[in-house]
Amino acid sequence: MDNEVAAGNTTSTLGHLALGLTLLAFGIGSTGVIDNVAASDAAALATWVGGVALFLVGLLDLRAGNGGTGTAYAALGAFWFTWGTGVGGDASAEATGLFLLLWALLALTLTVAAGGSGMFGQGVYGLLFVALLLLGIGALADNGGLGKAGGWVAAVAGLAAWYGATAAVANWPTSFKSAAGRGVTATG
């Protein structure tokens with residue numbers, strides 16, 4: 001079996017699983033919906049699954065010739081590794097807000113670049129952009145409500161990424177019929 005073909009067949013699913021689990025843990029922690037669970041509790045998961053594993057998946061995807069998803073996964077791996085290793089440090093609220101807003105720009109770039117990838121590709125990145133934007137503005141404005149809203153959006157993005165990956169593995173439906181009768185693809 002050709003290694004490049006094998007890597008290209010599995011990396012998108014693995015990348016969506018890693019991103020989905022990390023976003024879901026981070027998002028739920030940011031909402032405060034579970035007592036004694038905060039976003040910082042997801043730091044180990046963010047570092048190793050969202051950071052290291054997602055970065056490696058990105059490198060494998062780049063090696064397989066998938067520039068778009070490879071770039072996305074490697075960049076998001078860098079984000080999660082940086083966040084996971086720095087959370088709980090001595091950064092000011094302003095520095096945290098700026099950090100999140102700068103990475104929101106990456107998510108916006110990924111959203112625009114994923115235009116033809118379907119609902120789960122573009123949708124997950126779009127939701128990540130909104131989540132980071134809300135979290136960043138919330139940190140800068142010292143507004144916990146915006147942070148919680150950003151957490152909910154991140155959790156929904158995590159569920160969407162998880163569903164996209166699970167659907168690929170379990171052969172679940174990934175397209176929906178639109179009002180015009182055309183199929184709308186939901187894979188990324």
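A residue is called buried when its relative accessible area is under 20% and exposed when that area is over 50%. In this predicted model, Trp 80 has a relative accessible area of 0% and is therefore buried. Phe 26 is likewise buried, with a relative accessible area of 5%. Trp 83 also counts as buried, at 11% relative accessibility.

Across the whole structure, a search finds 9 aromatic pairs. In one of them, the ring centres of Phe 26 and Trp 80 lie 5.2 Å apart and the ring planes meet at 70°, so the pair is edge-to-face. A single aromatic cluster is formed by Phe 26, Phe 79, Trp 80, Trp 83, Phe 99 and Trp 103.

The largest pocket has a volume of about 580 Å³. It is lined by 23 residues, of which Trp 83, Val 87, Thr 96, Leu 100 and Ala 139 are the closest to the pocket centre. Two or more lining residues come from each of H1, helix H3 (67-86), helix H4 (93-113), helix H5 (119-141) and H6. H4 gives the largest share of this lining, with 5 residues. By class, the lining of the largest pocket comprises 11 nonpolar residues, 11 polar residues and 1 charged residue.

At least two lining residues are supplied by each of H3, H4 and H5. The largest share of the lining of the second largest pocket, 6 residues, is from H3. This lining contains 6 nonpolar and 8 polar residues, and no charged residues.

Backbone geometry was considered last. Most residues other than glycine have a negative phi. Asn 36 has a positive phi, near 65°. Asn 36 sits in the loop that connects helix H1 (3-31) with helix H2 (43-63). With a relative accessible area of 79%, Asn 36 is exposed, because the cut-off for that class is over 50%. A positive phi, near 60°, is also found at Asn 171. Asn 171 lies in the loop between helix H6 (144-170) and strand E1 (175-177). The relative accessible area of Asn 171 is 70%, so this residue is exposed as well.

Note on methods. Residues are numbered from 1 along each chain as its sequence is written. This is a predicted model: local features need pLDDT of at least 70, side-chain atom pairs count only at pLDDT 80 or more; totals for chains, interfaces and linings use all residues. Side-chain values use heavy atoms; hydrogens and water are left out. Helices (H or I, at least four residues) and strands (E, at least two) are DSSP runs, numbered from the N terminus. Buried means under 20% relative accessible area, exposed over 50%, partly exposed in between (1.4 Å probe, protein chains only). On a 1 Å grid over the protein atoms alone, a cavity is a set of points where a 1.4 Å probe fits but cannot get out, and a pocket is an open set with protein on both sides within 12 Å along at least five of seven lines; lining residues have an atom within 4 Å of a point. Grid points are joined across faces, edges and corners, and a volume is the space filled by probe spheres set on the points. Ala, Val, Leu, Ile, Met, Phe, Trp, Tyr, Cys and Pro count as nonpolar, Asp, Glu, Lys and Arg as charged, and the others, Gly among them, as polar. Rings of Phe, Tyr and Trp (its six-membered ring) pair if their centres lie within 6.5 Å; planes under 30 degrees apart count as stacked, over 60 as edge-to-face and the rest as tilted.
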